[in-house]
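User: I'm new to this one. Can you walk me through the structure, starting with the overall picture?

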Amino acid sequence: MTDTSGQTIHELKNVVKKFGGVTAVNNLSMSIAKGTVHGLIGPNGAGKTTVINLITGLFDVSGGTILFNGTRTDTLEPHQIAGLGISRTYQNVRLFSGMSVLEQVLTGCYLGRGTNLFASFLGTSDARRKWKTSRQTAMHLLERVGMADRADELAETLSYGEQRRIEIARALGSDPKLLLLDEPTAGMNHSEASDIGKLVHELRDSGLTILMVEHNISLVTEFCESCTVINFGQLLAEGTPRACIDNPDVQIAYFGKKRDAHGH
Ligand SMILES: Nc1ncnc2c1ncn2[C@@H]1O[C@H](COP(=O)(O)OP(=O)(O)OP(=O)(O)O)[C@@H](O)[C@H]1O
């Protein structure tokens, strides 16, 4: 862990999100400590993706406030929030077909660095220099996710787990401080999922804070320092993954009944 001071990097305070008559997030408060991997878990439809969409500014809040490093972000546009240092991946892998692995990652860093597209079209020396720097950055990001040796391959020829790594590399292109991963291990077998967990730890150790929406409870127990459990958009439990899973309300929400010490 890079920071054990317990300093809060991100905070939701009494956040509400309504879609017509549906209250997807209901008076939710949660905080993420800097330099940690924080899990956000809950049954299907609990509001997890909506929370990510609120944090990134894709959705406007219906009430409450969101703070990143003490700066209020719920009034900002998505590009402004991204500019402050928040980046994300999506529940379903979103890569461009026909593009190489390197090109996928370049889309995350080249256009994100204030490059003038007109200058780049004309091939000015400034644009060429920026292109070279972006290429080096993209290669470095591929190294960070263990995919540098696949840079020239088409993304669609990679396995699902490898495509996830490319998505994470692309999300790192904007040099975020907080990375939001929406079900990064969905559709993976245990070994692939565990590899993603290890990658998440490496990213944390390099200074990032990570919020991970995850259905895989054993992965949350293994890789998250803390977590928040929600159900029907409301806070159900928070604390260490173990304490959350042992919480009777969480057990009822997940399993429909309390389990005994043997998991029965
Ligand atoms: N754009 C939208 N318009 C209307 N209702 C929405 C919208 N997005 C989410 N909802 C509703 O909000 C609630 C929470 O959905 P959300 O996708 O955030 O849950 P989730 O916890 O991410 O679910 P899952 O684990 O199944 O992905 C659901 O009732 C959903 O139908």
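User: What percentage of the residues count as buried?
Analyst: In this predicted model, 39% of the 264 residues of the protein chain count as buried.

User: And how many helices and strands are there?
Analyst: The protein chain has ten helices and ten strands.

User: What about contacts between residues at least 6 apart in sequence?
Analyst: Of those contacts, 67% join residues at least 24 apart.

User: OK, domains. How is the chain divided?
Analyst: There is domain 1, made of 1-85 + 176-264, and domain 2, which covers 96-171. Their contact takes nine residues from domain 1 and six residues from domain 2.

User: Which element gives the largest share on the domain 1 side?
Analyst: Helix α7, residues 190-205, with four residues. By type, the side of domain 1 that touches domain 2 has six nonpolar residues, one polar and two charged.

User: Switching to the ligand. Which residues surround it?
Analyst: The ligand is surrounded by Phe19, Val22, Ala24, Gly42, Asn44, Gly45, Ala46, Gly47, Lys48, Thr49 and Thr50. That shell divides into four nonpolar, six polar and one charged residue.

User: Which elements supply at least two residues of the shell?
Analyst: β2 (22-33) and α1 (48-55) each do. α1 gives the most, with three residues.

User: Tell me about α1, then. Why call it largely enclosed?
Analyst: Because seven of its eight residues are buried. The buried ones are Lys48, Thr50, Val51, Ile52, Asn53, Leu54 and Ile55. One of them, Lys48, is also part of the ligand's surroundings.

User: What comes just after α1?
Analyst: Gly57 is found there, with a positive phi of about 85 degrees.

User: Where are they placed?
Analyst: Asn27 is in strand β2. Glu183 is in the loop between β7 and α7.

User: Buried or exposed?
Analyst: Asn27 counts as partly exposed, because it has 15 C-beta neighbours inside 10 Å. Glu183 is buried, with 20 other C-beta atoms within 10 Å.

User: Next, α6. How does its span compare with what 1.5 Å a residue should give?
Analyst: It agrees. Helix α6 has 13 residues, 160-172, so it should span 18 Å, and its end C-alpha atoms are 19 Å apart.

User: Which of its residues are buried?
Analyst: Arg164, Arg165, Ile166, Glu167, Ile168, Ala169, Arg170, Ala171 and Leu172.

User: What covers them?
Analyst: The cover includes β6 (86-89), α3 (101-109), α5 (125-144), β7 (178-182) and α7. Remember that α7 also supplies four residues to the side of domain 1 that touches domain 2.

User: How many residues are in the largest nonpolar core?
Analyst: It has 61 residues. Those with the most contacts inside it are Val105, Leu142, Ala169, Ile210 and Met212. The core draws at least three residues from each of domain 1 and domain 2.

User: Take Ile210. What does it touch?
Analyst: Not counting residues up to four places away in sequence, Ile210 touches Val37, His38, Leu179, Leu181, Val200, Leu203 and Arg204.

User: I've got Met147 on screen. Where is that?
Analyst: Met147 is in the loop between α5 and α6. This residue is buried, with 21 other C-beta atoms within 10 Å.

User: Which residues is Met147 in contact with?
Analyst: Leaving aside neighbours within four places in sequence, Met147 is in contact with Val101, Leu142, Glu162, Arg165, Ile166 and Ala169. Leu142 and Ala169 are among the residues with the most contacts inside the largest nonpolar core.

User: And how far is Met147 from Met99?
Analyst: Their C-alpha atoms are separated by 15 Å. Along the chain, Met147 and Met99 are 48 residues apart.

User: Last one. Where is His215 found?
Analyst: In the loop between β8 (209-213) and α8 (217-223). His215 is partly exposed, with 14 other C-beta atoms within 10 Å.

User: How far is His215 from Asp182 in space?
Analyst: C-alpha to C-alpha, 9.9 Å. In sequence, His215 and Asp182 are 33 residues apart.

Methods: Residues numbered from 1 in each chain as written. Predicted model: local features only at pLDDT ≥ 70, side-chain atom pairs only at ≥ 80, totals over all residues. Domains from an automatic or database assignment. Contact = placed C-beta atoms within 7 Å. Nonpolar A, V, L, I, M, F, W, Y, C, P; charged D, E, K, R; others polar. Near = placed C-beta within 6 Å. Expected span 1.5 Å × (residues − 1). Buried ≥ 20, exposed ≤ 12 C-beta atoms within 10 Å, placed from the backbone. Core = buried A, V, L, I, M, F, W, Y, C linked by C-beta atoms within 7 Å.
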